[in-house]
Amino acid sequence: MPRPGPPSGPVPGSLAEATSRESAGASLVLVPVGSTEQHGPHLPLQTDTLIATAVAEAAAERLGGPGAGVWVAPALAYGSSGEHQSFPGTASIGTEALRFLVVELVRSLRTWSERVVLVNGHGGNLTALRAAVDQLVVEGHDVAWVACATEDVDLHAGRTETSLLLHLAPALVRLELAEAGDCRPLTEILPDLVRGGVAAVSANGVLGDPAGASADEGRAVLAAMTSDVLARLAPVAP
């Protein structure tokens, strides 16, 4: 029997749910950028996308939402996830395709929005986002990117992301299947990770340990991430 997804219903500031007339005069569009990739045996493939979307929505609400001309665009759910390609379910478009997609998308959004900020939930997207934003800035666009940092505790599908998903979409977490992966720091595993991807250092795809994860911790982490994004967003906020 399929597991239910996150709660549905109108989301304040959702660009997808707005009409053309309602979106006119936008001062800021936040674009969540995620991925579709393995997150161990217990988390859904859309983990990064769910987190980026939640942060963007929370930031938009705190910035005043549609009343202040702030909108959240539909998430980019495919990213650069080649390091996870050894695992079934991973769907990656690669760095160059993502860079091109972001450039074209921002050019389009900027025809009717004053500013665009990309809210990134997957570290593998960084090269594409940096290159795209650099190009767009040279072209004269008011655009930036900010990160949803989840690496303070562990790197991938560990306690931090598991806690976030227990808060955001608990029905999608297979907690009974959660298990520790490679818990070494990034500096130690990076050479093998670069050469052979995540599978070279973790057979189950987890970098960290989900033990101790909780919805309460996820709620606190989301609030901290949102505040961090808003602090870095301040120079380009409306």
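Ala157 counts as buried because its relative accessibility is 0%; buried means under 20% relative accessible area, exposed over 50%, and partly exposed in between, with a 1.4 Å probe and protein chains only. This is a predicted model, in which local features need pLDDT of at least 70 and side-chain atom pairs count only at pLDDT 80 or more, while totals for chains, interfaces and linings use all residues. Residues are numbered from 1 along each chain as its sequence is written, and side-chain values use heavy atoms, with hydrogens and water left out.

Ala157 is found in the loop between strand S4 (143–147) and H5; helices (H or I, at least four residues) and strands (E, at least two) are DSSP runs, numbered from the N terminus. The phi angle of Ala157 is near 65°, a positive value in a residue other than glycine.

Let us turn to the interior. In soluble globular proteins, nonpolar side chains tend to be buried together. A nonpolar core is a set of buried Ala, Val, Leu, Ile, Met, Phe, Trp, Tyr and Cys residues joined through side-chain atoms within 4.5 Å. How many residues has the largest nonpolar core? That core has 31 residues, and Val55 is among those with the most contacts inside it. Helix H2 (47–62) and helix H7 (215–233) are among the elements that each supply at least two residues of this core, and its largest share, 7 residues, comes from H2. Val55 touches Val119, Cys148, Leu222, Met225, Thr226 and Val229, not counting residues up to four places away in sequence, where contact means heavy atoms within 4.5 Å. A second, separate core of 21 residues includes Val29, Val31, Val106 and Ala128.
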